[in-house]
Amino acid sequence: MAQPLVVKKDDDLDEEEYYSPFLGIEKGAVLQEARVFHDPQLDARRCCQVITKLLYLLNQGDTFTKVEATEVFFATTKLFQSKDAGLRRMVYLMIKELSPSADEVIIVTSSLMKDMNSKTDMYRANAIRVLCRIIDSTLLTQIERYLKQAIVDKNPVVASAALVSGIYLLQTSPEVVKRWSNEVQEAVQSRAALVQFHALALLHQIRQNDRLAVSKLVTSLTRGSVRSPLAQCLLIRYTSQVIRESGNQGGDRPFFDFLESCLRNKAEMVILEAARAITELNGVTSRELTPAITVLQLFLSSSKPVLRFAAVRTLNKVASTHPLAVTNCNIDMESLISDQNRSIATLAITTLLKTGNESSVDRLMKQMTNFMSDIADEFKIVVVEAIRSLCLKFPLKYRSLMNFLSNILREEGGFEYKKAIVDSIIILIRDIPDAKESGLFHLCEFIEDCEFTYLSTQILHFLGNEGPKTSDPSKYIRYIYNRVILENATVRASAVSTLAKFGALVDSLKPRIFVLLRRCLFDGDDEVRDRATLYLKLLGGEATVGETEKDVNEFLFGSLDVPLVNLETSLRNYEPSDVPFDISSVSRETKSQPLAEKKSTGKKPTGPASAVSGPVSTVDASYEKLLSSIPEFADFGKLFKSSSPVELTEAETEYSVNVVKHIYDGHVVLQYNCTNTIPEQLLEQVVVFVDASEADEFLDVVSKPLESLPYDSPGQTFVAFEKPEGVIATGKFSNILKFIVKEVDPSTGEAEDDGVEDEYQLEDLEIVSADYMLKVGVSNFRNAWESMDPESERVDEYGLGVREGLAEAVSAVISILGMQPCEGTDVVPSNSRSHTCLLSGVFIGNVKVLVRLSFGITSSKEVAMKLAVRSDDPEISDKIHEIVANG
């Protein structure tokens, strides 16, 4: 006989133990036990136990066959003859879980309808719930009268059951439920808390598709007729929804007054809900946030962990958009770092990292040292990401933050945790040039004792790209070669490739690299030996990958210039023979969209990397390879910038088209990425006809059509324009997709021979001034500004008119210039009357540009701006002013 499972109930309750009653139960044995339902003298307690086991099996995912379900159902219906209240409740549950078929429902309907009119309220409530779950729309009309009466029943249990059933029935029979509006409206005025809550939820669902009706409902209820805390929480949510949909954000009355009044409610849940709603309003000012922040600050010192957690979680979200508004809570949150609940402690520390200033960084790091060892890996990852964001916000503090990351990197932890730290260090090295040497050293120390192959190979690859560019590359060779001696085959192969990169880029190290690579020729793994042989030939000039050293470096560091999908197809089609496989025979034409072109699903970047300043590369290597492989564009010169894809069609249309703008010194290439979403059609001779009548400075020079566009197989068509060099040419282009449609036989997949010419109107496309600017950040704006020639500086003042706030004005100017915000200056403190924003970029022609923007706003919301520009070319400084003046 199976022993009962001993489970520890709670470590804090003197190691109490209890036994699981469900251990080892089997469906067959329980179905045998269900025969007790047929006994003439029913044992109510025994029947309840059997039903409990059956419900357990159903909820654990066990399925009953049609025969088994029918037998159990009919046996369960016999239990209606018992008068035991507890057993009757179990019967209701069982019938609801079994979901009987239409034929079986008829058998139990009469018993349930009898209970629905019973004098026992418990029977009535449960019978209503079960009936509404199992009957169809035809039977519903028979009991509609009883349900409407139940909604206004004096007993709150019965009324709640009817209202909850109405919420369920609204999904299947909405027209029936909508006829109950008067009764539901009456139930909203009930004194019973749950009845009012369920009635409000149902009434809102009935009216949710009528925005005006919802607004009227909220307006009438915010006057004080709702007393239930649960219903008040719902009403707060509906009020926030009305505010969002009406576009009247922030301090628009009277809805905001209602939210603010809820902050003084007696119920804690209502206060928290109101505070959360206020903080999530778009465009909310610091003055409007203050009362919400104040009550949340009081909850931080509450004795209830759930209140502390709710408060600190809300403040954590607010800190992302209004960090200055949360700084008053920093002292209270610092005390939460030692909170016994690690979730609260983690949220507190990450909030402090968001709101802290440069002077508080060192103090926070000291407090976090002991904190990190007490929390789980998933919490540690959140902290690491917050530290990365803080370091990018205050680049001058990289030493203390980098040391903290390296220390926790040496501690125990799982793969995801270690990967988050490594990724953070790599990002800091890339975005903060001064951190490169120390960051690479910390990574080298880590791979000396790294148990994760993936991280070792990632670090070795990064070391191979960045190490040779440091002041003393030789100090990294020891760490790399140790991997060849001590690690598994995968890491050894990666280390060989890294050694080869050092040999290719650092001539003084090449003889030593040759010695180390020759030792690798005797490795026990084929991959390691093959790589060592290849790199020795390459570095010795014996291989035939190219004629110059540049060709060798391109082979080592360059990306594969053929699409992997095409290469895989060619390799599959290759038949072994005396003729070796020739990679030059693989088509360079992309059959699928590069990663940057994949359609956006509306997700915004999250995490620290989305809100930090730093170098932003806007030239995708895949674009350069693609365009250079097309003969018509080969003589256009070097690609300066490729934009993000711009959607030219709406979602879920028959043809999906987006466009990428490729900017050259004297040309613009429009790459139209097309997808056919109709399975029964094949499109041929696909081309986009572009009307440039509103873009006078552009001259159409070449168009490259797409020969064929099968179903769900993306392809590209190109149109190139010539423009005057050195001129910021802008304009609007109208686009029409033209093609030949051929019907496809679904059974054979073959297309008909004859096709029909057709066209599809696309959205207009604009080329703007920002397309001629690369987003490239600087780690220390002040040093970069002072290093530029003061003679190139141009200063002027502008009036930006009436704006909602400084944040809108800053965002508008950044969008016009297309430059990279530095040092987090794109975030405007809420309710600020002045702000300085620092921007950096590279203008077409590789001219470095720095911009300092000073904003001010009057009480009438008039915004004035002072624009100071420095660049490598004074003419470009003048052009930046022209762009702003015309924008």
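This is a predicted model: local features need pLDDT of at least 70, side-chain atom pairs count only at pLDDT 80 or more; totals for chains, interfaces and linings use all residues.

F721 is buried, with a relative accessible area of 2%. I then checked F733, which is buried at 0%. F721 and F733 form an aromatic pair. Their ring centres lie 5.1 Å apart, and the planes make an angle of 50 degrees. I noted this pair as tilted. It links distant parts of the chain: F721 sits in strand 10 and F733 in strand 11, twelve residues apart.

Next I looked up F781 and W785. Is this pair stacked or tilted? The ring centres are 5.9 Å apart and the planes meet at 25 degrees, so the pair is stacked. Planes under 30 degrees apart count as stacked. F781 and W785 both lie in helix 34, about one turn of the helix apart. Both residues are buried.

I counted aromatic pairs in the structure and found 13. I also found one aromatic cluster made of F633, F636, Y664 and F718.

Then I turned to the cores. The largest nonpolar core has 194 residues. Among those with the most contacts inside it are F37 and I387. Leaving out residues up to four places away in sequence, F37 touches several residues, including L42, I51 and L79. A second, separate core has 63 residues, L648 and M819 among them.

Last, I checked helix 20 and helix 22. Their axes are 9 Å apart, at an angle of about 5 degrees. The two helices are therefore roughly parallel to each other. Their contact has eight nonpolar, three polar and three charged residues. I387 in helix 22 is one of the residues that meet helix 20.

Conventions. Residues are numbered from 1 along each chain as its sequence is written. Side-chain values use heavy atoms; hydrogens and water are left out. Axes are lines fitted to C-alpha atoms, for helices over the stretch in contact, and angles run from 0 to 180 degrees between N-to-C directions. Helices (H or I, at least four residues) and strands (E, at least two) are DSSP runs, numbered from the N terminus. Angles under 35 degrees count as roughly parallel, over 145 as roughly antiparallel, 65 to 115 as roughly perpendicular and the rest as oblique. Contact means heavy atoms within 4.5 Å. Ala, Val, Leu, Ile, Met, Phe, Trp, Tyr, Cys and Pro count as nonpolar, Asp, Glu, Lys and Arg as charged, and the others, Gly among them, as polar. A nonpolar core is a set of buried Ala, Val, Leu, Ile, Met, Phe, Trp, Tyr and Cys residues joined through side-chain atoms within 4.5 Å. Buried means under 20% relative accessible area, exposed over 50%, partly exposed in between (1.4 Å probe, protein chains only). Rings of Phe, Tyr and Trp (its six-membered ring) pair if their centres lie within 6.5 Å; planes under 30 degrees apart count as stacked, over 60 as edge-to-face and the rest as tilted.
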